[in-house]
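Welcome! Please take a moment to look over the sequence and the 3D structure below.

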Amino acid sequence: MTPSELHQEIKQLIVEALQLQDVDPASISDTDALFGDGLNLDSIDALELATAIARKYDVKVSQDQETRDAFRSVRHLAEFITMKRAAATGGGHEGR
Amino acid sequence: MTRKVALITGASRGIGAAVARTLAHDGLDIVLTCVHQRAAADAVAAEIRELGRQAWVAQFDVKDAERSRAAIEQLLAQTEIHVVVNNAGVVADSVFPALSPDAWHSVVDTSLDGFFHVTQPLVMPMVRRRWGRIINIASVSGVNGNRGQVNYCAAKAGLIGATKALALELASRNITVNAVAPGLIDTEMITSAPVEEILKHIPMKRIGTAQEVADLVAYLASDKSAYMTGQVISIAGGP
């Protein structure tokens, strides 16, 4: 999957998991803030999104700084998922 | 539209049993929890099934984190839960200088730990469903204070604080969180209370019934109260 395809998939997941009926996935930018400004999500949305991402991509999402950084934007999320999955499948290290 | 399910803690008797019957009458299926009075809870469940509703009885102590979590998980494997009524509560009155650690913890832990243990696992499913009702049975004692009940007043005031904070977190998901603050209600809890003395201070000059409290809870559990959250409603025969 190309980074661009992963970005589209994450946007779709955000809209579905958070039931954002009024939001067109294509209208979410790769770099806009998801929380506070931008999509204006809150901390309960973050929990829901974390659960959805953990389930869809089979990655461990814990409550640490790395995760908080990852949830800043779609691009950060894509990089986080790509890195976690690479760590889980390659190099013999568990991605946690 | 699927039928809604309400979980009521401490539902074997008193206000909890009245709430269970009333919500069943309104068309909800009911989960009753009890800690000691299993036979009484089973009898309420049987009445509810007579109404054509489903009823489950889960026996566990809401103070016990592990058992509460296990019991709720087991229930959630069988049914969704749309409404939770945190009703389980105990009193152990004593003037403060003589209040034992046991009397403090049994009362505070049942109300506050019980609220936490039972409600938390039900919240994210409500968030995902974008609908939920959380109703906490507090007390006018938690609003006004009452001699000999420092433990009970602290527990109920704590529950009121939790109600207001959780209401803010969940409001945008169509989940309301409200507290009911009953005054003197005709249940086993008040058998040792000085009723004659207290009646002098109740404007309506009578004690309330569990049914009157249950009818208020039924309103808060329904769609009719959708725009109301974070409130504490006294039902005490006077302001």
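## About the model

This is a predicted model, in which local features need pLDDT of at least 70, side-chain atom pairs count only at pLDDT 80 or more, and totals for chains, interfaces and linings use all residues. Residues are numbered from 1 along each chain as its sequence is written, chains are lettered from A and ligands numbered from 1 in the order written, and side-chain values use heavy atoms, leaving out hydrogens and water.

## Where the chains meet

Chain A brings 7 residues to the contact and chain B brings 8 residues (contact means heavy atoms within 4.5 Å). Together the two chains bury about 670 Å², with 46% of it on carbon and sulfur atoms; buried area is the accessible area (1.4 Å probe) that two parts lose on being put together, summed over both. On the chain A side, Gln19(A), Ile44(A) and Glu48(A) lose the most area to chain B, together 69% of what that side buries.

There are 3 salt bridges between chain A and chain B, each a side-chain nitrogen of Lys or Arg within 4 Å of a carboxyl oxygen of Asp or Glu. One of them joins Asp45(A) and Arg173(B), at 2.7 Å from N to O.

## An enclosed strand in chain B

Strands here are DSSP runs (E, at least two residues), numbered from the N terminus. Strand S2 of chain B, residues 29-34, is largely enclosed by the rest of the structure because 6 of its 6 residues are buried (under 20% relative accessible area, 1.4 Å probe, protein chains only). Asp29(B), Val31(B) and Thr33(B) cover one side, while Ile30(B), Leu32(B) and Cys34(B) lie on the other.

S2(B) pairs with strand S1 of chain B, residues 5-8, in the parallel sense over 4 bridges; pairing requires at least two DSSP bridges between the strands. Within S2(B), Asp29(B) is the bridge partner of Val5(B).

Technical notes: Buried < 20%, exposed > 50% of the residue type's maximum accessible area, 1.4 Å probe, protein only.
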